Amino acid sequence: MRVPRIYCAEAESPQSTLTLDETASRHLCQVLRLSNDHPLTLFNGRGGAFAARIIRADRKRAEVALGEATGESLESPLPIHLGIALSKGDRFDWVLQKATELGVSHITPLHTQRVDVRLNRERAQKKYRHWQQVLISACEQSGRNTLPTLAELTQLEPWLTQVEAEGKWVLCPDKAKPLAMASKPASVALLIGPEGGLEDAEIQCAQSAGFNALQLGPRVLRTETAPLAAIAILQHHWGDM
């Protein structure tokens, strides 16, 4: 029997009790139809995980008892900061989900010249909360106990000057050197453009900021495929895949 994994930021101390929020409680008691004494794993998104069990099942508020700390870290030895331009529909959600499964540690949504998604402040805040929930769900599914850090929507140029990583790459079809020629970096920043790609001036700006060109073979990949292929390759070369 698979033990459900539930995110709970308040999970801190073994041998304590917690009341889960309405979303988690509804998922456990209405969707999964779990009852008292059913085992769980609670993780707090900061690396901590605990064995737990339901002691009171309620549709709106389920109460759980925490046992001992459990679980090993599944974090990649290669910190990857993904800077990715916004895309339409559910494509961006899909990238966030799969990038989390693949082990990225930081994600920054970017606004670039060819991004045609327009978000006012209220919609941006709503989207941010939604994206955070996507990351939580991906961690629950994949076994990660640490949530990737999600930055607010950022313009490209400030991100280029502020991001810190030993190795920096921008997806670019021209003048790219094979990744295998690079020495192993302690950390990576990866820049992915929107549908239609980055403008030439944006690529030049990235290269001026220390980003190297990266090409993923001879075929053109969609904006939701390219980051996942690149992350998998980076993890294969220097991470844990």
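## The second largest pocket

The second largest pocket holds about 470 Å³ of space. A pocket here is an open set of points on a 1 Å grid over the protein atoms alone, where a 1.4 Å probe fits, with protein on both sides within 12 Å along at least five of seven lines. Its volume is the space filled by probe spheres set on the points.

Lining residues (an atom within 4 Å of a point) number 25, and Arg5, Ile6, Ala24, His27 and Glu140 sit nearest the centre. Strand S1 (5–7), helix H1 (22–31) and helix H3 (121–142) each give two or more residues to this lining. By type, the lining has twelve nonpolar, seven polar and six charged residues.

## About the model

This is a predicted model, where local features need pLDDT of at least 70 and side-chain atom pairs pLDDT 80 or more, while totals for chains, interfaces and linings use all residues. Residues are numbered from 1 along each chain, and side-chain values use heavy atoms, leaving out hydrogens and water.

## The largest pocket

About 730 Å³ of space lies in the largest pocket. Of its 30 lining residues, Leu171, Cys172, Pro173, Gly197 and Leu198 are the closest to the centre. Helix H5 (residues 200–208) supplies the largest share of the lining, four residues.

## A buried lysine

Lys168 belongs to strand S10 (residues 167–171). Lys168 is buried (under 20% relative accessible area, 1.4 Å probe, protein chains only). What is the nearest side chain of opposite charge to Lys168? That is Glu164, 8.4 Å away, and Lys168 has no salt bridge (a side-chain nitrogen of Lys or Arg within 4 Å of a carboxyl oxygen of Asp or Glu). A polar atom of the Lys168 side chain does lie 3.3 Å from the backbone oxygen of Val163.

How values were computed: Ala, Val, Leu, Ile, Met, Phe, Trp, Tyr, Cys and Pro count as nonpolar, Asp, Glu, Lys and Arg as charged, and the others, Gly among them, as polar. Buried means under 20% relative accessible area, exposed over 50%, partly exposed in between (1.4 Å probe, protein chains only). Lys and Arg count as positive and Asp and Glu as negative; His and the chain ends are not counted. A polar contact is a pair of N or O atoms within 3.5 Å; within protein, one must be able to donate a hydrogen and the other to accept it, and residues adjacent in sequence count only if both atoms are side-chain atoms.
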